[in-house]
Amino acid sequence: AVIMAQLGCYVCADQCRLSVVDRIFTRIGATDRIMSGQSTFMVELEETSTILNHATQDSLVILDELGRGTSTFDGYAIAYSTLKHIAERIRCRTVFSTHYYFLTEEMARECGDVVAPHHMHYALDPETGEVTFLYRFQSGVCQKSYGIDVARKAGLMTHLLTKAQQLSADFEKHSPLNAYSREKQEAALLQRLHGALTGPAPPADLEALQNAVRQFLADDPNAQ
């Protein structure tokens, strides 16, 4: 749509309003350059480096699943640092897709004025627990990963899915990333509480803060 609009072509939409884009950068898919000694992950990071070094505030950037080619912690750290740099320094229009849902929560907290979380919507049957993927773009953070449901739809054996579900719940409960996210969330809440106690705050802000504290305590009964 961006290219068509700037060419003066018909855009297939009820309404379209876009400012001029100087360049479009994409980092999508997975490929390697084995004959040149470059792994899939190396190619991914080289392309990301090109984007970070050449994009301006008038560019359009599309980044897909950055960080998946290495360990969870390295990948998360690279994805976090890259998105933070784009949001705070380059400040260009960006579509950044990720399965690190801790990352979406952090960005919503830390860069909520310039980052708008969205997810591909789904329907969850409350009785059977079956997930139907609706392929509809919806505002907000997806609160859970449904990879095991995809595995079920792909036909993996039931006993494998049961074991995977148990392991997934255990990993999520004891994940250092989960603890790290909770610590950052707690620090952000304490900062907001300090601001509310040391200066005047509108009633709406106080109510939102109270709700955030209640939710934090409900999610973790051991929180002090």
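Two strands pair if DSSP finds at least two bridges between them. Helices (H or I, at least four residues) and strands (E, at least two) are DSSP runs, numbered from the N terminus. The model is predicted: local features need pLDDT of at least 70, side-chain atom pairs count only at pLDDT 80 or more, and totals for chains, interfaces and linings use all residues. Residues are numbered from 1 along each chain as its sequence is written, and side-chain values use heavy atoms, with hydrogens and water left out.

View 1. Strand 2 (residues 60–64) and strand 3 run parallel and are joined by 5 bridges. Leu-60 has Arg-93 in strand 3 as its bridge partner.

**View 2. Helix 3 and its end.** The expected span of a helix is 1.5 Å times one less than its number of residues. The 19 residues of helix 3 should therefore span 27 Å, and the end C-alpha atoms are 26 Å apart, which agrees. Buried residues of helix 3 include Gly-75, Tyr-76, Ala-79 and Leu-83; buried means under 20% relative accessible area, exposed over 50%, and partly exposed in between (1.4 Å probe, protein chains only). Just after the helix, Arg-91 takes a positive phi of about 60°.

**View 3. Aromatic pairs.** Rings of Phe, Tyr and Trp (its six-membered ring) pair if their centres lie within 6.5 Å; planes under 30 degrees apart count as stacked, over 60 as edge-to-face and the rest as tilted. By this rule there are 2 aromatic pairs. Tyr-76 and Tyr-100 are edge-to-face, at 5.6 Å centre to centre and 75° between the planes. Tyr-76 lies in helix 3 (residues 72–90) and Tyr-100 in the loop between strand 3 (93–97) and helix 4 (101–110), 24 residues apart. Both Tyr-76 and Tyr-100 are buried. Tyr-122 and Tyr-146 form a tilted pair, at 4.8 Å centre to centre and 55° between the planes.
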